[in-house]
Structure formats: structure tokens, C-alpha cells
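Please bring up the structure, and I will talk through what can be read from its coordinates.

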Amino acid sequence: MTTIVIVREGDWIVMAADGRVTDEGDICSECDRKIFRHKNELFGVAGNADECDALLAWFRRGRKGRKPGSRHSSFMYVGTDGVPYVSTEGSRPTPFDLPRAIGSGKDLAMGAALAGVGAREAVHIAMRRDTRTGGKVRSARVLASPGGRHGKH
């Protein structure tokens, strides 16, 4: 699967993800892009490749129309209002407090983020123990909303 984590770093909301893609345990890629920017929003997606592609297309349309099915995928995004949202395995996108992580290494990344490390380092820590997390780590950031529902990391 993958690991995507989102944390607050100063005035920024930072999202980081690994680049590993697996298929039934085989490593297919180590440099896949899982974080995307559209206008001033960030989107990170993990899970089934076909569902992820459909979710990314929906996000690039401005989240217009019906959200594609995502029973085997999760995603997070930060809207233009600077508020982060998460949807796991088909749930409705809901706002959340930071930090947050999705994917196979989410528990490891969350522990690291709660201990105070940045988003990229949290993914690197998850890579040490989660065999479905690995490869190139990428990150992107947007300004946090003033007075938003964000943690202090």
C-alpha cells in the first residue's frame, strides 16, 4: 500500500508520502507520486490503483460530482480553506485534527508525528518497519488556516 502523513510544521500543513507501489507483495515501483497539488489544494491517495486514479480525477475536477467509490482506498486533502479532510475506505470526507496518517504504515507514522517529528521523517520512520512503505519520499505544503483545527506539530 503506502504511507501518507500530514502534520503542521509552523505556519504550514505538510503532507509527505513514500513512493513504493506493491502488487500482492511484489514491489512494482519505488518512485510513484501519491501527493498532488491542484490550485492551492493538496491531495494524497493510497490504496487500489484504479480507485486512486478515479479519486485523483475527481479531486482535479474540484471535487465536483459524485465521489468515486473507494472501498479499497483512502485519501486526505487540504482544501483552499486550509482545513484537512480524510476519507478511509469509502467514508465521507471529514475534517480532522493534525497529525493524521493513512496507509499500511499509518500507525508507525502517527506515532512518529505525535512524538514531534516532521512529515517526511515520519514516513522515513514508517519505512523502517512496514514492508509496503519505501522508496522515494515526496512532500508538499500549504499555509494553514488561521485559527483552524490543527495540531501544534
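**A predicted chain, read from the inside outwards**

Let me begin with Val-45, which at 6% relative accessibility counts as buried, where buried means under 20% relative accessible area, exposed means over 50%, and partly exposed is what lies in between, with a 1.4 Å probe and protein chains only. Before I go on, please keep in mind that this is a predicted model, in which local features need pLDDT of at least 70 and side-chain atom pairs count only at pLDDT 80 or more, while totals for chains, interfaces and linings use all residues. Residues are numbered from 1 along each chain as its sequence is written, and side-chain values use heavy atoms, with hydrogens and water left out.

If we leave aside neighbours within four places in sequence, Val-45 is in contact with a set of residues including Thr-2, Ile-4, Lys-34, Phe-36 and Cys-52, contact meaning heavy atoms within 4.5 Å. Val-45 and Ala-17 are 28 residues apart in sequence, and their C-alpha atoms are 9.1 Å apart in space.

Thr-2 lies in the segment before β1, which covers 3–9, and Thr-2 is buried, with a relative accessible area of 1%. Which side chains does Thr-2 join through polar contacts? There is one of 2.2 Å with the side chain of Asp-18 and one of 2.5 Å with the side chain of Lys-34. By polar contact I mean a pair of N or O atoms within 3.5 Å, where, within protein, one must be able to donate a hydrogen and the other to accept it, and where residues adjacent in sequence count only if both atoms are side-chain atoms. Beyond four places in sequence, the contacts of Thr-2 also include Ile-102, Gly-103, Arg-132 and Thr-133.

Now to the backbone. Most residues other than glycine have a negative phi, and most peptide bonds are trans. Against that background, Lys-39 has a positive phi of about 55° although it is not a glycine; Lys-39 sits in the loop between β5 (35–38) and β6 (41–47) and is exposed, at 72% relative accessible area. Glu-89, also not a glycine, has a positive phi of about 45°, lies in the loop between β8 (84–88) and β9, and counts as exposed at 59% relative accessibility. A cis peptide bond, with omega about 0°, joins Leu-98 and Pro-99, and Pro-99 lies in the loop between β9 (94–95) and β10 (100–103).

Finally, the chain as a whole. Its secondary structure comes to three helices and 11 strands, in the sequence order β-β-β-β-β-β-α-β-β-β-β-α-α-β. The radius of gyration is 14 Å, which agrees with the value near 15 Å that a compact globule of 153 residues would have; this radius is taken over C-alpha atoms, and the globule rule is 2.2 Å times the number of residues to the power 0.38. Of the 153 residues, 46% count as buried, and among contacts between residues at least 6 apart in sequence, 56% join residues at least 24 apart. Along its principal axes, the C-alpha trace spans about 45 × 40 × 25 Å.

Conventions. Helices (H or I, at least four residues) and strands (E, at least two) are DSSP runs, numbered from the N terminus.
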